[in-house]
Amino acid sequence: MYKTQGRAHKNARDIVSFFSKSTNMITQIGGVFIKSNNARELADWYADRFDLKYEFVMGEKLFGLSLFYIGEEDKKRYTVFSISQSDDKLNQEAPKTFTLNLRVLNMEEALNHLKYKNQAFRGPETHDQGLFAWVKDPDGNEVEIWQDVD
């Protein structure tokens, strides 16, 4: 159970619904756009570790896919996941300031896949919101893997 502004919520979807109705501004995440000094290497890493199949590729500079879901009024919607080559040289030593959260249906299968790929990870840990584990991508960004309680 979650609490926001004094109201109890049973899951994350209820929280998103609450905030989208109360603010009328943000209703969903439209996309995740990651810039990298080596877009091909990073895109290959995500494809290998999370079994992603890119729908659009532009040479070595852009890799993207759409993650579909059913939105309000049962309309088919999507969230974009994209990795692109940075126009400027990014400082790899700079502290990372975000975490990418990827939802999985089965944590055990996801972690077994990462083990098979010889990918180090931290966790899993059990929290009220579900199971969590963490991994770093080749650019040093934290990726949180989450299996919801629902």
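Trainee: How do E4 and strand E5 pair, and over how many bridges?
Mentor: In this predicted model, E4 and strand E5 (residues 62–70) run antiparallel to each other and are joined over three bridges.

Trainee: Okay, and what stands opposite Gly-64 in E5?
Mentor: That's Phe-56.

Trainee: What's the strand order in that open sheet?
Mentor: The open sheet has four strands in the order E3-E6-E5-E4, and the pairing is mixed.

Trainee: Which strands stand at the edges?
Mentor: Strand E3 (31–36) and strand E4 (56–58) do. Each has a single partner strand, so one side of each is left without a neighbour in the sheet.

Trainee: And how much are neighbouring strands of this sheet turned against each other?
Mentor: By 15° on average, if you ignore direction.

Trainee: Switching to helices. Where does H2 lie?
Mentor: H2 lies across E3, E5 and strand E6 (76–85). Its direction is at about 135° to E6.

Trainee: How many residues does H2 have, and what does it span?
Mentor: H2 has twelve residues. From first C-alpha to last it reaches 16 Å, close to the 16 Å expected at 1.5 Å a residue.

Trainee: Which residues in H2 are buried?
Mentor: Ala-39, Leu-42, Ala-43, Trp-45, Tyr-46, Arg-49 and Phe-50. They cover an arc of only 155° around the axis, so they sit on the same side of H2.

Trainee: What happens just after H2?
Mentor: Asp-51 comes there, with a positive phi of about 55°.

Trainee: Now H3. Which of its residues are buried?
Mentor: H3 covers residues 107–116, and Met-107, Ala-110, Leu-111 and Leu-114 are the buried ones. Looking down the axis of H3, you'd find them within an arc of 95°, so they line one face of the helix.

Trainee: What do those buried residues of H3 pack against?
Mentor: Helix H2 (39–50) is one partner, and the others are strand E8 (122–127), strand E9 (130–136) and strand E10 (142–148).

Trainee: And what's on the face of H3 turned away from the buried side?
Mentor: Exposed residues: Glu-108, Glu-109, Lys-115 and Tyr-116.

Trainee: Which residue reaches the backbone nitrogen of Glu-108 at the start of H3?
Mentor: Asn-106 does, through a side-chain oxygen that comes within 3.1 Å of that nitrogen.

Note on methods: Residues are numbered from 1 along each chain as its sequence is written. This is a predicted model: local features need pLDDT of at least 70, side-chain atom pairs count only at pLDDT 80 or more; totals for chains, interfaces and linings use all residues. Side-chain values use heavy atoms; hydrogens and water are left out. Buried means under 20% relative accessible area, exposed over 50%, partly exposed in between (1.4 Å probe, protein chains only). Helices (H or I, at least four residues) and strands (E, at least two) are DSSP runs, numbered from the N terminus. The arc is that of the directions from the helix axis to the C-beta atoms. Contact means heavy atoms within 4.5 Å. A polar contact is a pair of N or O atoms within 3.5 Å; within protein, one must be able to donate a hydrogen and the other to accept it, and residues adjacent in sequence count only if both atoms are side-chain atoms. Two strands pair if DSSP finds at least two bridges between them. Axes are lines fitted to C-alpha atoms, for helices over the stretch in contact, and angles run from 0 to 180 degrees between N-to-C directions. The expected span of a helix is 1.5 Å times one less than its number of residues.
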